[in-house]
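Here is a short briefing to read alongside the structure. Have a look at the fold first, and then we can walk through a few spots together.

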Amino acid sequence: MNALLCTVRYEALMAVRRKAVLGTVVPLTALSLLLAVTSPVVTGHTDPTARVGAVVVLVNTFCALGVGIALADRLRRGMETRGLADVLEATPTAALSRSLGASLGPLLTALTPVAVPLLLYGAVVAAAAASIVPLATTLTALVTAVLPAALLAASLGGLLGALMPVAAARGVLVAAWLWAVQFPPALSPVPTPTGTVFSPLGGYPLVAWAHAPEVWARRESTGFARPEVTDATALLNLALVVALALACYALGHLATRLRRHGAP
């Protein structure tokens, strides 16, 4: 555990020094907060908790994507830094601790400028409403929607970055993310995860537990993958997003290992 914490700390500090991390996430967080105080999608709700839920939809659309864009080069940098992998493998630190620490450290750095303003927003709304509920809703949404979405975006970005040039990977990630979270079925000529229990937007947990408007779950559509919003379907949405994140994480590391050992 101590080795894992040390690895997380080291990787987090290294990520702070990279301009791509904060330079991508901070502007998208600022955009989300600007929309939170100006967009009728948020300000049109009289219920403070509904406003919080609507803001988290913005955060998952833009900020989680920003996390993925910022970390898309993480695995490729490991592949292209000759000798570094061998040096790390020679240390007494367990491989699992190294791998988890190398992933969690940058993720922690990238998520901090998202989580802190979001929690401050929830606190301000709670103070204005003289109720603790909006802040509690913000915490719930952060754990059940924002964190899983950021995990998937970072894992998918890392996988794409290991398979293609980083610039191309970031472009593909943007297209895939928006298709999965903000491409309504009525406008899509092909099947889309938007509005399903597979969507990383986290619409089901946000509607069930964070008081977001119900439209963000099913997107006014029906079908096998668009069930009614219940606690069970919210848990299913959460579990599927985490499972997809773990699958992308595993595939990314497999691709990295195969390319590293297959290189001349």
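Let's begin with one serine: Ser155 counts as buried because its relative accessibility is 12%, under the 20% cut-off. Please keep in mind that this is a predicted model.

**Around Ser155**

- Ser155 sits in helix α8.
- Leaving aside residues up to four places away in sequence, Ser155 touches Ala245, Cys248 and Tyr249.

**Cysteines**

- One of those neighbours, Cys248, is buried as well, with a relative accessible area of 12%.
- Cys63 is also buried, and its relative accessible area is 1%.
- If you are wondering about disulfides, the count is zero, where a disulfide would need a pair of cysteine sulfur atoms within 2.5 Å.

**How α4 packs with α8**

- Helix α8 covers residues 133-163, and its axis comes within 9 Å of the axis of helix α4, residues 48-70, with a crossing at roughly 20 degrees.
- Angles under 35 degrees count as roughly parallel, so α4 is roughly parallel to α8.
- The crossing of these two helices is right-handed.
- On the α4 side, the contact is made by Pro48, Thr49, Val52, Val56, Val59, Asn60, Ala64, Val67 and Gly68.
- The α8 side contributes residues including Val133, Pro134, Thr137, Thr138, Ala141, Ala145 and Val146, and also Ala149, Ala150, Ala153, Ala154 and Gly157.
- What kinds of residues make up the contact of α4 with α8? There are 15 nonpolar and six polar residues, with no charged ones.

Note on methods:
Residues are numbered from 1 along each chain as its sequence is written. This is a predicted model: local features need pLDDT of at least 70, side-chain atom pairs count only at pLDDT 80 or more; totals for chains, interfaces and linings use all residues. Side-chain values use heavy atoms; hydrogens and water are left out. Axes are lines fitted to C-alpha atoms, for helices over the stretch in contact, and angles run from 0 to 180 degrees between N-to-C directions. Helices (H or I, at least four residues) and strands (E, at least two) are DSSP runs, numbered from the N terminus. Angles under 35 degrees count as roughly parallel, over 145 as roughly antiparallel, 65 to 115 as roughly perpendicular and the rest as oblique. A crossing is left-handed if the near helix is turned anticlockwise from the far one by less than a right angle, and right-handed if clockwise. Contact means heavy atoms within 4.5 Å. Ala, Val, Leu, Ile, Met, Phe, Trp, Tyr, Cys and Pro count as nonpolar, Asp, Glu, Lys and Arg as charged, and the others, Gly among them, as polar. Buried means under 20% relative accessible area, exposed over 50%, partly exposed in between (1.4 Å probe, protein chains only).
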